[in-house]
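Please keep the sequence and the model at hand while reading.

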Amino acid sequence: MPAEQTHKQILIVDRDIAAVEPLRHRLGEAGFMVRVIADGPAAAAAVSERPPHLVILDWNMAGFAALEVIERARATRFPHPVRLIILSSLAGEQDVVGGLNIGADDFIAKPYSLLEALARVCAVLRTRSRSEAEDLSGHAPMMPAAERSQLRLVESRLLEFLRSHPGRTFNRAQLLMHVWGSAARLDERTVDVNIQRLRKFLNQPGHMAEIETVRGFGYRFVSHDSDGAPRF
């Protein structure tokens, strides 16, 4: 376990505390500091008062309670952004896409193996740690603060990666490897959902670029000149 991954704070929000006890124990063994809260409003308050690095949320909680936790997590930026993984016994395509659309960084279907859950937690947290390290070292393209504040960390990293390779086409598996990490075991639809968000962002006034779909292969970033012509 890399040193930067240990001592991260994780909040598990699940009505069935006994059911997530093995997960809490396994994450604790891996060096994470883990709390478990069964009540939605109490969990939302905890996110605001003492922001964890990651929230693992039971999607099967009452709708309002789950959404309140999600809203608090997504709104928290200081002292660090809060990442979000959804746990759910509903694992159909619409359930996964719906969870990603509301802002989750990953979706884990129940039942799950503890090894897989740990790998996904590490992958989500590693994405954030790597983005921060590159920002400090200057090895990654820097995005203006005004733009960064409008995007989630994984969206910022995806956009920065595509911007640094203008005109080059990447398939979903390649983007998962480069942006989320080689150990990330995410559904490839994760890429599609984040591309959709970035397209909405790039459609705002002032952006002269787009992410094109290369049919049958993947995506590429294209900048445009003032006359609208593509620039590679």
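## Salt bridges

The structure holds 10 salt bridges, a salt bridge being a side-chain nitrogen of Lys or Arg within 4 Å of a carboxyl oxygen of Asp or Glu. The model is predicted, with local features needing pLDDT of at least 70 and side-chain atom pairs counting only at pLDDT 80 or more, while totals for chains, interfaces and linings use all residues. Residues are numbered from 1 along each chain as its sequence is written, and side-chain values use heavy atoms, with hydrogens and water left out.

Lys 110 forms a salt bridge with Asp 14, and the closest N and O atoms of the pair are 3.3 Å apart. The two residues belong to distant parts of the chain, 96 residues apart, with Lys 110 in the loop between β5 (106-109) and α5 (114-137), and Asp 14 in the loop between β1 (9-13) and α1 (17-29); helices (H or I, at least four residues) and strands (E, at least two) are DSSP runs, numbered from the N terminus.

Lys 110 is partly exposed, with a relative accessible area of 27%, whereas Asp 14 is buried, at 2%. Here buried means under 20% relative accessible area, exposed over 50%, and partly exposed in between (1.4 Å probe, protein chains only).

## Two further pairs

In helix α3 (residues 63-75), Arg 72 and Glu 68 are 4 residues apart, a separation of about one helical turn, and their side chains meet in a salt bridge with an N to O distance of 3.6 Å. Arg 72 counts as partly exposed at 30% relative accessibility, while Glu 68, with a relative accessible area of 17%, is buried.

Another salt bridge joins the side chains of Arg 220 and Glu 212 (2.8 Å, N to O). Arg 220 is partly exposed, with a relative accessible area of 24%, and Glu 212 counts as partly exposed at 22%.

## Packing of α7 and α8

Helix α7 (residues 153-163) and helix α8 (residues 172-180) pack at an angle of about 115°, with their axes 10 Å apart; axes are lines fitted to C-alpha atoms, for helices over the stretch in contact, and angles run from 0 to 180 degrees between N-to-C directions. That angle makes α7 roughly perpendicular to α8, a description that covers 65 to 115 degrees.

Where the helices meet, with contact meaning heavy atoms within 4.5 Å, Val 154, Arg 157, Leu 158, Phe 161 and Leu 162 in α7 face Leu 175, His 178, Val 179 and Trp 180 in α8.

Terms used: Angles under 35 degrees count as roughly parallel, over 145 as roughly antiparallel, 65 to 115 as roughly perpendicular and the rest as oblique.
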